[in-house]
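Here is a walk through one protein fold, written for someone who would rather look than read tables. Keep the viewer open as you go.

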Amino acid sequence: MYKEDTIAAIATAPGAGGIGIIRISGRKAFEIADQVFSSPTGKKTAAMPAYTAAFGKLLDKEGQLIDEAIALVMRAPHSYTCEDVVELQCHGGQMALRAALRALFEAGARPAEPGEFTKRAFLNGRLDLSEAQAVMDVINAKTELALKQAAGHLSGSFSGEIKEWRQEILIDFPEEGVEEAKTEKIRLSIEALREKFQRLISTASTGRILREGLMTAIVGKPNVGKSSLLNALLREERAIVTDIPGTTRDAIEEYADMDGVPLRIIDTAGIRETSDTVEQLGVEKSKEYIEKAQLVLALFDSSRPLDEEDEEILSLLSGQPSIILLTKQDLPARLTSQELQQRLPEVPIIPISTKGGRQGLEQLSKEVHAFVFKAGEAQTTFLRDEEEADILKRADRHLSEALTTIEAAMGLDFLSIDLRSAWEALGELTGEKIGDDIVDEVFKRFCIGK
């Protein structure tokens with residue numbers, strides 16, 4: 001077990017709700033719960049069978065009523081943390097929940113640290129590190145694809161693949177003299193593993209986008225349709241749409257679901273020359289977002305020819321991953337796709353109109369998916385981020401060194417060192433080979449109560 005002390009925290013999100021849950025975990029979970037929870041029948045949580053519930057009242061140390069509640073009992077090791085656990089389901093008001101939590105602290109529990117329940121599940125062997133991190137990814141998922149990725153990690157599919165690779169490396173460990181035939185078999189096995197590593201490493205960027213969202217800046221001169229596009233992507237009236245230039249003076253940030261890809265959209269202020277100090281600050285911020293964005297959606301008004309403001313935007317797009325949207329297709333054309341394609345031949349151009357419909361949005365979705373996913377990648381397992389990619393790259397370097405060792409006929413001892421180093425690096429992905437400081441850093445990112 002992880003620790004002798006018993007922890008407690010509110011496990012539901014802040015705010016008013018029908019139900020609020022307080023989770024208690026540890027060696028004295030039942031003893032502490034029974035000092036606060038009182039059943040009309042006198043039933044104690046310590047005497048209740050696992051996975052049973054009882055109705056009762058929550059009382060402070062003076063015996064004053066805090067709230068009515070249901071106590072749900074789970075016994076070690078068959079609980080989320082592998083410890084004795086009591087969950088108190090109260091009404092969802094924050095004052096009642098905090099009063100009940102305070103009573104539990106007075107009874108001997110201590111406040112849970114961020115992510116400590118899941119940390120205990122990890123340290124007690126219920127979850128490996130990848131599965132533990134997937135818990136928060138499931139909670140934070142903003143699209144079905146993001147949820148699918150997180151659920152895959154939570155189910156152990158990613159960990160299972162890593163463990164299989166570790167086992168393959170373990171099998172390759174030479175036990176006796178390295179014969180030529182055996183050496184060739186090891187070499188082929190290492191090369192096959194490296195190909196698998198490279199395929200997974202290439203998914204790091206996609207995995208991070210699915211978790212955190214694709215930072216997407218909507219840019220263009222004033223009154224070109226940026227706010228209308230934002231509203232169309234969100235399917236709600238989030239931004240003010242008027243014919244008055246300069247309505248948007250600061251960046252508006254929202255998440256949109258682009259057929260499974262979470263877009264972290266930033267609707268920027270229109271780029272133009274202005275004497276308005278506040279608007280000018282917004283214009284400068286828009287230019288900064290163009291540089292920082294992973295993808296830029298650049299809007300140009302098809303009903304007007306290019307002017308100096310458009311030319312400045314075109315110059316800002318140089319070298320930036322972009323998609324050009326030619327807006328206001330319902331009006332007579334003064335600017336064509338061909339004219340823009342000559343200026344930026346590598347950038348996709350999509351005619352679009354959000355007035356009375358969603359013309360062009362389906363094509364935009366296809367282009368976004370082509371930008372995020374490589375061919376066939378949407379059905380694969382993804383790394384969570386570049387940190388996992390760095391660990392896998394390190395394991396790959398050790399395998400590369402093993403190949404060099406084989407080619408140089410440096411002997412059994414050196415080959416074993418290279419293979420073991422790769423095996424240990426892979427163990428960092430599942431938490432089988434990881435220091436306490438890394439574990440602490442991972443779980444600090446969790447919310448309290450999880």
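## The big picture

First off, this is a predicted model. The protein has 450 residues, and 49% of them are buried.

If you look at contacts with a separation of 6 or more, 68% of them link residues 24 or more positions apart.

## The seven-stranded sheet

Start with the open sheet, which has seven strands in the order S3-S4-S5-S6-S2-S1-S7 and mixed pairing. Its edges are S3 (37-38) and S7 (110-111); each has a single partner strand, so one side of each is left without a neighbour in the sheet. At the S7 end, S1 (residues 7-10) and S7 run parallel and are joined by two bridges. Ile7 sits opposite Arg110 of S7 there.

Helix H3 (residues 116-123) packs on this sheet, where it touches S1, S2 (20-25) and S7. The direction of H3 makes about 135 degrees with that of S1.

## A helix tucked inside

Is helix H1 (residues 29-36) largely enclosed or largely open? Six of its eight residues are buried, so H1 is largely enclosed by the rest of the structure. The buried ones are Ala29, Phe30, Ile32, Ala33, Asp34 and Val36, so an acidic residue, Asp34, is listed with them under the cut-off of 20% relative accessible area.

What do those buried residues pack against? Their partners are S2, S3, S4 (52-59), S5 (65-74), S6 (85-90) and helix H2 (94-106).

In soluble globular proteins, nonpolar side chains tend to be buried together. Here the largest nonpolar core has 30 residues, and the members that touch the most others are Leu229, Leu297, Leu325, Leu364 and Val368. At least two residues come from each of H8 (204-212), S8 (214-219), H9 (226-234), S9 (252-258), S10 (261-267), S11 (295-301), S12 (322-327) and H13 (361-372). H9 gives the largest share, with five residues.

Setting aside neighbours within four places in sequence, Leu297 is in contact with Thr216, Ala217, Ile218, Val219, Leu229, Ile323, Leu325 and Leu364. Another core, of 28 residues, lies apart from this one; its members include Val36, Ala54, Leu88 and Leu97. Val36 is also one of the buried residues of H1.

## A hairpin

Strands S9 and S10 run antiparallel and are joined by seven bridges. Ile252 has Asp267 in S10 as its bridge partner. Two residues separate the strands of this hairpin, and Asp259 in the turn has a positive phi of about 50 degrees.

## Charged pairs

Side chains of opposite charge can pair when their charged atoms come close. How many salt bridges does a search of the whole structure find? The count is 26.

One of them joins the side chains of Arg120 and Glu83, at 3.0 Å from N to O. Arg120 is in helix H3 and Glu83 is in the loop between S5 and S6, so this pair ties together parts that are 37 residues apart in sequence. Arg120 counts as buried at 0% relative accessibility, and Glu83 is buried as well, with a relative accessible area of 3%. Arg120 also forms a salt bridge with Glu116, where the closest N and O atoms are 3.4 Å apart. Both of these residues lie in H3, four residues apart, or about one turn of the helix. Glu116 is buried, too.

Another salt bridge pairs the side chains of Asp307 and Lys221, at 2.8 Å from N to O. Asp307 is in the loop between S11 and helix H11 (308-316), while Lys221 is in the loop between S8 and H9, so the pair ties together parts that are 86 residues apart in sequence. Asp307 is partly exposed, with a relative accessible area of 30%, whereas Lys221 is buried at 4%. Finally, salt bridges with shared partners join Asp137, Arg208, Arg211, Glu212, Arg384, Asp385 and Glu386 into one network.

Definitions and conventions:
Residues are numbered from 1 along each chain as its sequence is written. This is a predicted model: local features need pLDDT of at least 70, side-chain atom pairs count only at pLDDT 80 or more; totals for chains, interfaces and linings use all residues. Side-chain values use heavy atoms; hydrogens and water are left out. Buried means under 20% relative accessible area, exposed over 50%, partly exposed in between (1.4 Å probe, protein chains only). Contact means heavy atoms within 4.5 Å. Two strands pair if DSSP finds at least two bridges between them. Axes are lines fitted to C-alpha atoms, for helices over the stretch in contact, and angles run from 0 to 180 degrees between N-to-C directions. A nonpolar core is a set of buried Ala, Val, Leu, Ile, Met, Phe, Trp, Tyr and Cys residues joined through side-chain atoms within 4.5 Å. A salt bridge is a side-chain nitrogen of Lys or Arg within 4 Å of a carboxyl oxygen of Asp or Glu.
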